Amino acid sequence: MGAPALKSRFVLVATVVTGCTCCVGTRAAEDAAASRSAPLGGEIIVAGQFAATGPRYSPDGTRIAFTARRGSKNDIAIVPSAGGPPTFVTKGGSNIHPAWSPDATRLVYVSHSGGEADLYVIPAAGGAAVRITHSGAAKAAPDWSPDGRTIAYSSSEGGDWNIWSVPASGGPARKLTRHRGDEWNPRYSPDGRSILFSTNWGENANIDTWAIPGGGGEPVRLTFGPEDEVTAAWSPDSRRIAFLTDLGGLFVMDLASGSRTNVAPGEGFQDILSWSLDGRWIAVGRNPKPYRLFQVSLDGGEPRPLGLAEWNVWTPDVSRISGAIAFAAMDRSGNGDVQLLRGPGSRLVRFTANPAPDLHPAWSPSGKQIAFTSRRDGAHNGDIWVAPTTKGGPAVRLTWLRSAHRPRWCSDNVIVFHSDRGADGQPHVWAVERGKAPRQLTYGRREVEPDCVPATGDVLYVGSSSRGSELFRTTLVGGQATQLTHDGASARFPRVSRNGAWIAFVSTREGPSEIFIMPSGGGPARRLTSDGGEKSPPAWSSDGKSLVYSVKRGEPQIRRYAAPACSLHSC
């Protein structure tokens, strides 16, 4: 009865490098076996693509509440019934099966966030949730009575699953069914006189739909098919019910005649259905990997996707002042916008909203500006833009090269980036200040992905060598560069810690693409990660104890998990 696991493509991960200032670069010998055992796993902070199940239309039909599974977390979200971006009502817990109050101001749902499964009521606009049951037994699929006084739900309290009810304001729960077997998914009729539910009382233990009086009483069997008929829901006029079957598809049955119509054939439909106010649509989850929300028209035609676009997270950066994370959220078409996560459990904030892609965000040292690459304004291959982090300020275009990428700040006035608009047509490192023309800093072979050392203003970058790509260091005025790595492996995305002492970078020196750290002046490098996959540039936290990065594998997530440097080599 919970949401299914999903599979998708990008993961945003935070690696904690806790409590050690002495264990990087202090030993010449590498302990490869120990480094390969770096731990994985951890807390998911936010995910991009999510599975959507259990839709419920609001009483006025304008919104749909549903369960959104992001990584290992389930949360309650709301989306306009016409489609659009979701609003998350709960944050980072185990919250499922929302149902609207009759006045559409509140939602009841099942939460495991307190360590036990109980019912909670929360304002639909978000806010503090109130716990209304306290048994701790497993619960599912609550439903609000039409008069707003009672909530029915299914629970395994006492053994088998039965239908229970509880006052909407909280209080003693009442058991409504006491038959052998399991009953679940209660749904009040629009007049409140009856409650539908599914049960396995049928012949050969198949599942059928039954009904009891709203206050409890003798059950009446409504479906008699040979297949399992589950998760029924009343039509707004109480004359029909919709249900799913294990033989495939969504069915509508006329209660007076018993005739049934398969309105959406096929497999992959998920439990919990909801009728629109006008009785013309049924919302349902379906599994095109991952589960998405669809609206099925009773007038015929293919199920209509609700419009929850799949998106992926990439190129995160962390503010050195506030610790907020900026990252690019991209959809399948390649369009992207910069989004902000200001803290664990906070809501995502869209920082840019433009039809053209905005990618590669970078916080200024003061945290007052974000630079990013954008293809807006005719820059089809991208240029550097800057926008203030306070509300109301417009984005300003800094370059007109029509090919400028991956901005990084050296100070609140100077940004470095790479571009192929030099005389030789090869990518090189450039610098730009607001109101001034950009200037080229390097003139070697393919120099890309720069970053700055805050204390000195020196510039790190990736340059081609005779054996591969290596890390180099130069100054903001250009000149002779110093080579920092010499192993011939593919080194990418150097990022300097806030104190300037360490460099994190991505390398294939030990096989798969992993993140390493080394002294900023060069020296032995030590591996931090062991999760493989294509990684984005790592970003240091403001306290220097964690790294945020995204990886092209699994679900799109921001995660915080322990991979202490000192667990690889003792201090």
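Does Ala104 count as buried or exposed, and at what relative accessibility? In this predicted model, Ala104 counts as buried because its relative accessibility is 12%, and the cut-off for buried is under 20%.

**The loop between β7 and β8**

Ala104 is placed in the loop between β7 and β8. Its phi is near 65 degrees, which is a positive value in a residue other than glycine.

Ser101 belongs to this loop too, with β7 spanning 95-100 and β8 spanning 106-111. Ser101 has a relative accessible area of 0% and is therefore buried. The side chain of Ser101 takes part in a polar contact with the side chain of Asp103, at 2.6 Å. The side chain of Ser101 also reaches a backbone atom, the nitrogen of Thr105, at 3.3 Å. When neighbours within four places in sequence are left aside, Ser101 is in contact with Pro59, Arg106 and Trp144.

**A positive phi at Arg446**

Arg446 is not a glycine, yet it has a positive phi of about 45 degrees. Arg446 lies in the loop between β38 (439-440) and β39 (447-452). With a relative accessible area of 47%, Arg446 is partly exposed.

**Aromatic pairs**

A pair of aromatic rings is described by two values, the distance of the centres and the angle of the planes. The structure holds five aromatic pairs, and two of them are set out here.

| Pair | Distance of centres | Angle of planes | Arrangement |
|---|---|---|---|
| Tyr109 and Tyr120 | 6.1 Å | 20 degrees | stacked |
| Tyr461 and Phe472 | 5.7 Å | 15 degrees | stacked |

Why is the pair of Tyr109 and Tyr120 called stacked? The planes of the two rings stand at 20 degrees, and planes under 30 degrees apart count as stacked. This pair links distant parts of the chain, since Tyr109 is in strand β8 and Tyr120 is in strand β9 (residues 118-123), 11 residues apart. Both Tyr109 and Tyr120 are buried.

Tyr461 and Phe472 are both buried.

**Arginines over rings**

Which residue lies over the face of Trp281? Arg304 does, at 4.4 Å from the ring centre. In another such arrangement, the charged end of Arg509 sits over the ring of Phe516, at 5.4 Å from its centre.

Notes
Residues numbered from 1 in each chain as written. Predicted model: local features only at pLDDT ≥ 70, side-chain atom pairs only at ≥ 80, totals over all residues. Heavy atoms only, no water. Helix = DSSP H or I, 4+ residues; strand = E, 2+ residues; numbered from the N terminus. Buried < 20%, exposed > 50% of the residue type's maximum accessible area, 1.4 Å probe, protein only. Polar contact = N/O pair within 3.5 Å; in protein donor to acceptor, adjacent residues only side chain to side chain. Contact = heavy atoms within 4.5 Å. Phe/Tyr/Trp six-rings, centres within 6.5 Å; stacked < 30°, edge-to-face > 60°. Lys NZ or Arg CZ within 6 Å of the ring centre and 35° of its normal.
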